[in-house]
Amino acid sequence: MFIFDSAKKIKREFIPQVDGKVSLYVCGPTVYDDAHLGHAKSALVFDLLCRVLSANGYEVTYARNITDIDDKIIKKALEQNKTIKEITDFYTDAYHKEMALLGIKRPNIEPKATESLDAMYALIQKLLDNKHAYKTANGDVYFDTSSDNEYLTLSKRVQDDSDKLQRVESSSHKKNAADFALWKSVDDDSVTFDSPFGKGRPGWHLECSAMIEKHLSKPDAKFAVDIHGGGADLLFPHHENEAAQTRCATNHALAAYWMHNGFVNIDGEKMSKSLGNSFFLKDALKIYEGEVLRFYLLSTHYRSNFNFNEEDLATAKKRLDKVYRVKKRLFGLTHENEKTLFQNELLGTLSDDLNISASLALIDEMITRANETLDTAGKHKELKRETLSNLSYIEKLLGFGEKNPYEYFQFGVDEETKTKIATLIQMRDEAKSAKDFAASDAIRDEILAYNVNLMDTPQGSFWEKI
RNA sequence: GGUGCCAUCGCCAAGUGGUAAGGCCGCAGCCUGCAAAGCUGCUAUCCCCAGUUCAAAUCUGGGUGGCACCUCCA
């Protein structure tokens, strides 16, 4: 397996520290608002990575955190006159439900910041003990970036001493502008935690390092985790700071491989909280099947920026439709899973830094060959078995094609409409039997008015929602 | 201003030195009562200029045009 390591900026062979086992940590959401398409993209990318690692025989331990301590959460709780826990529970639950609709498997471990405070305190204490952190007069604890000679080696940045930064930070007690908070002293009626360093709240960067130490890290390993992932925006400062903390507090580096997924733009514009054009997943899921969104968001390589628009989504659906049409042609047949050349090739392209385009091309070609044979030699039992095996391999590895094909094609159609269409199809069948094509075509127009496609087959007439 | 990424057919999108995958759209045909679906065939020399090389979309330099990060963000 090959992975593009965004720290070294090259694609290199993936070799885990322990034979056959992989530890993966991904930065998860701060639960103060609904998940948007960017959260979905990130979760999808690492879901795919886990599936591909598993298919390669690795036993994967995957941790993704839930940040439930944050100023934005506190602000929202105050605005809505709710407790912190009410806010974080609500959005954590929503996140889980929406990700499940996209076919994303839950990580093995989902640590919460509120449950990881001890690990954070321990990390701060180590950094204070070995002089990589310092306390300020007002009780804050800062990481001393000047004490880490490898600082900025991850993001390959040059130290920014611009006037702008100096002005912004001039009010704090930091030694250097680049220093970041490990502990923020807060002594008022808002949410605080009693730490060995006084009342306050932890710095955001700290929790990931602490959770990794607590849940994934082996004391003697050279790297705390094999793979650390997240959105491209997290490379700096978040991951840079995480890496610095871990490097200075422990005897190992944070990650052997770093993976960063590209951004999701909406109709060519950056989606961001400050611009207020976030496309919430819950809204997208009202209009599109979760599986279609999964297919669409995964259809472009994970490192590329992704430009979301409805036309491309419709095109992606057509491509997924083809998977389900061939599944429909073979519906009801049983098979035993068998290894095929196609499956080897598919695993091969996905194992090359998750080359999804090459993988989808293989799938399209496999489907075309299957349809071709089914058209010309309908009783080809061996091909049917092989195709069914391939489809179930695709389900396992890529997470789409799992539904009943008839249900897939009728997403979002209510029962009343389904009954009406069924009645009309029956009427049309009768007209067709009587060779009254004028009448049957008139009925077809009625059916098509429900925004569906009608297709006659030897097994009868079927319809699909467009 | 600093740093980095990208530019491939109308659209989406692979391909990082050996002579352009795949999907959508379009056109023609097979199939069909007619359709739909499916199948077959057709459609690019890779932003521009210069260079390296037997050979470049792929490497180097310059240019043009997008974008991102440097502040919370997946």
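Helix 12 contributes the most to the surface near RNA strand B, with nine residues; near means that a heavy atom of the residue lies within 4 Å of the strand. The model is predicted, so local features need pLDDT of at least 70 and side-chain atom pairs count only at pLDDT 80 or more, while totals for chains, interfaces and linings use all residues. Residues are numbered from 1 along each chain as its sequence is written, chains are lettered from A and ligands numbered from 1 in the order in which they are written, and side-chain values use heavy atoms, leaving out hydrogens and water.

Helix 12 spans 356-376, and the other elements that each supply at least two residues of this surface are helix 1 (37-55), strand 10 (223-231), helix 10, helix 15 (415-433), helix 16 (437-448) and strand 15 (452-457). Helices (H or I, at least four residues) and strands (E, at least two) are DSSP runs, numbered from the N terminus. Of the 56 residues around RNA strand B, Lys 72, Trp 204, Leu 234, Lys 270 and Arg 444 come nearest. By class, the surface has 12 nonpolar, 21 polar and 23 charged residues; Ala, Val, Leu, Ile, Met, Phe, Trp, Tyr, Cys and Pro count as nonpolar, Asp, Glu, Lys and Arg as charged, and the others, Gly among them, as polar.

A polar side-chain atom of Asp 364 is 2.8 Å from a sugar or linking oxygen of RNA strand B. For Asn 371, a side-chain N or O atom lies 3.2 Å from a sugar or linking oxygen, and for Thr 368 such an atom lies 3.5 Å from a phosphate oxygen. A polar contact is a pair of N or O atoms within 3.5 Å; within protein, one must be able to donate a hydrogen and the other to accept it, and residues adjacent in sequence count only if both atoms are side-chain atoms.

Asn 309 caps its N-terminal end, with a side-chain oxygen 3.2 Å from the backbone nitrogen of Glu 311. Buried residues of helix 10 include Leu 313, Ala 316 and Leu 320, where buried means under 20% relative accessible area, exposed over 50% and partly exposed in between (1.4 Å probe, protein chains only).
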